[in-house]
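Visitor: Could you walk me through this one?
Guide: Gladly; here it is.
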Amino acid sequence: MFPFPYGRIRQGSSVMPIVTVQQGPRSVELKRELVKQITDAFVDTYKIPAETVQVWIQEVPTDSWGAAGKLTADR
């Protein structure tokens, strides 16, 4: 495998999409469903095998991000 620009890896002749989701903490059940639906969208749209789709979830604690001038933890 060789690194490929824009978060993709060249493996043979196929390109593997990598999707990164940054979000606040969620339950494992919700993350399972999110990964499934993102994967299904790539499979349906790009006509690629599900095994080639990678989804990375980065959870950010509510005291480590904010919007509209306030920490999310303070809302």
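Visitor: Okay, how much of the chain counts as buried?
Guide: Of its 75 residues, 20% count as buried, where buried means under 20% relative accessible area, exposed over 50% and partly exposed in between, with a 1.4 Å probe and protein chains only. This is a predicted model, in which local features need pLDDT of at least 70, side-chain atom pairs count only at pLDDT 80 or more, and totals for chains, interfaces and linings use all residues. Residues are numbered from 1 along each chain as its sequence is written, and side-chain values use heavy atoms, with hydrogens and water left out.

Visitor: Which residues make up the largest nonpolar core?
Guide: Six residues do: Val19, Val21, Ile38, Ile48, Val53 and Val55. Such a core is a set of buried Ala, Val, Leu, Ile, Met, Phe, Trp, Tyr and Cys residues joined through side-chain atoms within 4.5 Å.

Visitor: And what does isoleucine 38 touch?
Guide: Leaving out residues up to four places away in sequence, isoleucine 38 touches Val19, Val21 and Val55, a contact being heavy atoms within 4.5 Å.

Visitor: Switching topic, in what order do the elements run?
Guide: From the N terminus on, the order is β-β-β-β-α-β-β-β, with one helix and seven strands; these are DSSP runs, helices being H or I of at least four residues and strands E of at least two, numbered from the N terminus.

Visitor: Where is threonine 45, and is it buried or exposed?
Guide: Threonine 45 lies in helix H1, residues 28-46, and it counts as exposed because its relative accessibility is 58%. A polar atom of its side chain lies 2.8 Å from the backbone oxygen of alanine 41.

Key. Polar contact = N/O pair within 3.5 Å; in protein donor to acceptor, adjacent residues only side chain to side chain.
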